[in-house]
Amino acid sequence: MMKKLSLLLPLLSLLFTQNASAFCESASTRVSITTNPGNVRYITTRSKHDFIHSAPTPVSPNTLGLTISHMTVKGDAIPNVEIEDGKMCVSLGTLNIKMENDELTVFIDKKYKPSSCEYQVIKNHENYHVAVAQQAMTFFKPDVEAQIHKSLKKIKPKIVQNATERDRVLKEQFNQVMNDLKPLIDHINKKTAEKNYQIDTPESYARTRALCKNW
């Protein structure tokens, strides 16, 4: 019997050492991503000259209206806190991320009355640009999620001494995820702008103009 015990004790000691060293070495973070495509705001009080020259990105000279869209990500984090032997381990427990179009504005030249053929044609065309911006959010959502998980792999939980340190670490970890997302969000906005620019071809506007008489 003593011989069997002598074999078990080293094994139990090894298991205890492994469990002890595992404290605060890894974390599991739940990621929740929601989308808000945004509500369109129509502005009909400015001239084509005004809104083209105040646009934040290059505008096709063929345009008869203008859609400005801009996607952002916002969010918050809920910490995961574990305590063992008087030590406090903090990590990102849950990440709540919201993708949204914080701007979705359509400009239509003020010289066209809402009841006119020209106004309706321009509005229909700009609504196509709106759809591009809104669909981009769904299209790129997997990329945003993949980038978040890539960032999380680089973030390790930390042992802290008090609630103040816990909050500081949580903020630092959350900010790292959001900062890592910025290049991707810039890329998405750039690609959306490029797609919209490609839609506004001379051929497209020739077809548009053919639908009405009083341009």
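A search of the whole structure turns up 6 salt bridges, a salt bridge being a side-chain nitrogen of Lys or Arg within 4 Å of a carboxyl oxygen of Asp or Glu. The structure is a predicted model, in which local features need pLDDT of at least 70 and side-chain atom pairs count only at pLDDT 80 or more, while totals for chains, interfaces and linings use all residues. Residues are numbered from 1 along each chain as its sequence is written, and side-chain values use heavy atoms, with hydrogens and water left out.

One of these salt bridges brings together the side chains of aspartate 180 and lysine 154, at 3.3 Å from N to O. This pair ties distant parts of the chain together: aspartate 180 sits in helix H4 and lysine 154 in helix H3, 26 residues apart. Helices here are DSSP runs of H or I with at least four residues, strands are DSSP runs of E with at least two, and both are numbered from the N terminus. Lysine 154 counts as exposed because its relative accessibility is 52%; the cut-offs are under 20% relative accessible area for buried, over 50% for exposed and anything in between for partly exposed (1.4 Å probe, protein chains only).

Aspartate 180 also turns up among the contacts of serine 151. That serine belongs to helix H3, which covers residues 117-154. With a relative accessible area of 0%, serine 151 is buried. Once its neighbours within four places in sequence are set aside, serine 151 is in contact with Val177 and Asp180, where contact means heavy atoms within 4.5 Å.

Helix H4 takes in residues 163-199, lysine 171 among them. Lysine 171 has a relative accessible area of 58%, so this residue is exposed. From C-alpha to C-alpha, lysine 171 and leucine 92 are 9.4 Å apart in space, even though 79 residues separate them in sequence. Still on the topic of salt bridges, glutamate 194 and lysine 191 meet through their side chains at 3.5 Å, N to O. Both of these residues lie in helix H4, 3 residues apart, which is about one turn of the helix. Glutamate 194 is partly exposed at a relative accessible area of 30%, and lysine 191 is partly exposed too, at 38%. Elsewhere, salt bridges that share partners join Lys74, Lys98 and Glu100 into one network. Arginine 166 and aspartate 167 form another salt bridge, with their closest N and O atoms 3.0 Å apart. Arginine 166 is partly exposed, given its 26% relative accessibility, and aspartate 167 is partly exposed at 40%.

Next come the strands, with E4 as the meeting point. Strand E4 runs over residues 87-108 and is mostly covered, with 17 of its 22 residues buried. Two strands are said to pair if DSSP finds at least two bridges between them. Strand E1 (residues 30-36) runs parallel to E4 and is joined to E4 by 7 bridges; in this pairing, threonine 35 has methionine 99 of E4 as its bridge partner. Strand E2 (residues 41-43) is also parallel to E4, with 3 bridges, and here arginine 41 stands opposite threonine 105.

The pairing of E4 with strand E3 (residues 65-84) is antiparallel and spans 20 bridges. Isoleucine 83 has its bridge partner in E4, namely methionine 88. E3 and E4 make up a hairpin with 2 residues between them, and aspartate 85 in the turn has a positive phi of about 55°. Strand E5 (residues 158-160) is antiparallel to E4 and joined to E4 by 3 bridges.

The structure holds 1 cavity of 30 Å³ or more. On a 1 Å grid over the protein atoms alone, a cavity is a set of points where a 1.4 Å probe fits but cannot get out, and lining residues have an atom within 4 Å of a point. Grid points are joined across faces, edges and corners, and a volume is the space filled by probe spheres set on the points. The largest cavity has a volume of about 50 Å³, and its lining includes Ser69, His70, Ala133, Met137 and Ile188. E3, H3 and H4 are the elements that give two or more residues to this lining. The lining residues divide into 5 nonpolar, 5 polar and no charged; Ala, Val, Leu, Ile, Met, Phe, Trp, Tyr, Cys and Pro count as nonpolar, Asp, Glu, Lys and Arg as charged, and the others, Gly among them, as polar.

Conventions: On a 1 Å grid over the protein atoms alone, a cavity is a set of points where a 1.4 Å probe fits but cannot get out, and a pocket is an open set with protein on both sides within 12 Å along at least five of seven lines; lining residues have an atom within 4 Å of a point.
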